[in-house]
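Hello,

Here is the structure I promised to pass on to you. Have a look at it first, and then read on for what turned up in it.

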Amino acid sequence: MSAPDLRRAAAARALDLVEPGMRLGLGTGSTAAAFVALLGERVRDGLDILGVPTSEATRAQAEGLGIRLATLDQQPELDLTIDGADEVDDSLRLIKGGGAALLREKIVACASHRMVVIADATKRVDRLGAFPLPIEVNPFGLTATHRAVERAVASAGCSGAVRLRQRPDGAPLLTDGGHHILDAHLGAIPDPEALGAALWAIPGVVEHGLFLGIADAAILAAVRDGQADITVLGSLA
């Protein structure tokens with residue numbers, strides 16, 4: 001069973017949580033895209049929901065599938081957000097932002113009554129940090145902010161390189177909000193809450209990819225006996 005099959009299995013389980021009339025936050029990334037694709041099939045069959053996308057890429061996909069959309073200004077309270085994660089630990093702490101949509105993803109998740117993560121089981125970790133931590137920063141004063149981020153990383157007991165994310169052509173990547181991304185290659189984060197607080201103290205940091213106390217549950221798909229096996233962390237109720 002391939003990774004796309006596992007992503008689809010996790011997305012299918014999350015689709016069981018969707019009820020007619022719901023206001024849904026639609027995540028960004030490959031697993032979230034699998035959910036949006038399945039949701040589009042249900043919409044074609046008559047399901048009426050309202051979606052709020054977390055990125056322009058998700059907006060384009062959802063519009064192409066005929067999913068009714070709104071902005072968060074038009075619909076500031078959501079019932080449920082379904083999104084992927086780059087890492088999730090057993091305390092439902094996450095690293096997100098591999099797709100450079102972490103700011104909008106966090107805003108939408110925090111506007112929702114519930115957030116459920118969908119992923120393949122390889123994203124489950126004992127300790128966060130093997131995946132580089134994305135940090136969204138304002139382009140103004142980038143060098144000063146970069147240095148401050150390095151100091152914050154050290155103050156939180158972490159070590160590793162902090163690098164500006166670039167496009168394939170070598171230019172700095174820009175998020176949908178026009179910001180840059182610094183990726184902190186830390187290997188392990190001993191105290192995510194301390195690192196999150198240290199990053200928040202930097203004026204040039206717009207958002208960081210530590211999602212702490214936000215997710216209510218995670219649906220993780222693994223292979224067992226050639227079939228998808230679903231594990232749930234937290235509560236789907």
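Ala119 stands opposite Leu220, a residue of β12. The pairing behind this is between strand β6, residues 112–120, and strand β12, residues 217–224, which run in the parallel sense and share five bridges. Please keep in mind that this is a predicted model.

Both strands belong to an open sheet of six strands, and its order is β2-β1-β3-β6-β12-β13. The pairing in this sheet is mixed. At the edges you will find β2 (50–53) and β13 (227–234); each has a single partner strand, so one side of each is left without a neighbour in the sheet. On average, neighbouring strands of the sheet are turned by 25 degrees against each other, direction ignored.

Now to the helices. Helix α1, made of residues 3–15, lies across β3 (78–83), β6, β12 and β13. Its direction is at about 135 degrees to β12. Helix α2 spans residues 30–44, and Thr31 is part of it. Is Thr31 buried or exposed? With a relative accessible area of 6%, Thr31 is buried, because the cut-off for that is under 20%. Leaving aside neighbours within four places in sequence, Thr31 is in contact with Arg7, Ala11, Ile118 and Ala119. That brings us back to Ala119, the residue opposite Leu220.

As for Val108, the C-alpha atoms of Ile135 and Val108 are 17 Å apart in space, and the two residues are 27 places apart in sequence.

Finally, the rings. How many aromatic pairs does a search of the whole structure find? The count is zero.

Do write back with any questions.

Best wishes

Technical notes: Residues are numbered from 1 along each chain as its sequence is written. This is a predicted model: local features need pLDDT of at least 70, side-chain atom pairs count only at pLDDT 80 or more; totals for chains, interfaces and linings use all residues. Side-chain values use heavy atoms; hydrogens and water are left out. Two strands pair if DSSP finds at least two bridges between them. Helices (H or I, at least four residues) and strands (E, at least two) are DSSP runs, numbered from the N terminus. Axes are lines fitted to C-alpha atoms, for helices over the stretch in contact, and angles run from 0 to 180 degrees between N-to-C directions. Contact means heavy atoms within 4.5 Å. Rings of Phe, Tyr and Trp (its six-membered ring) pair if their centres lie within 6.5 Å; planes under 30 degrees apart count as stacked, over 60 as edge-to-face and the rest as tilted. Buried means under 20% relative accessible area, exposed over 50%, partly exposed in between (1.4 Å probe, protein chains only).
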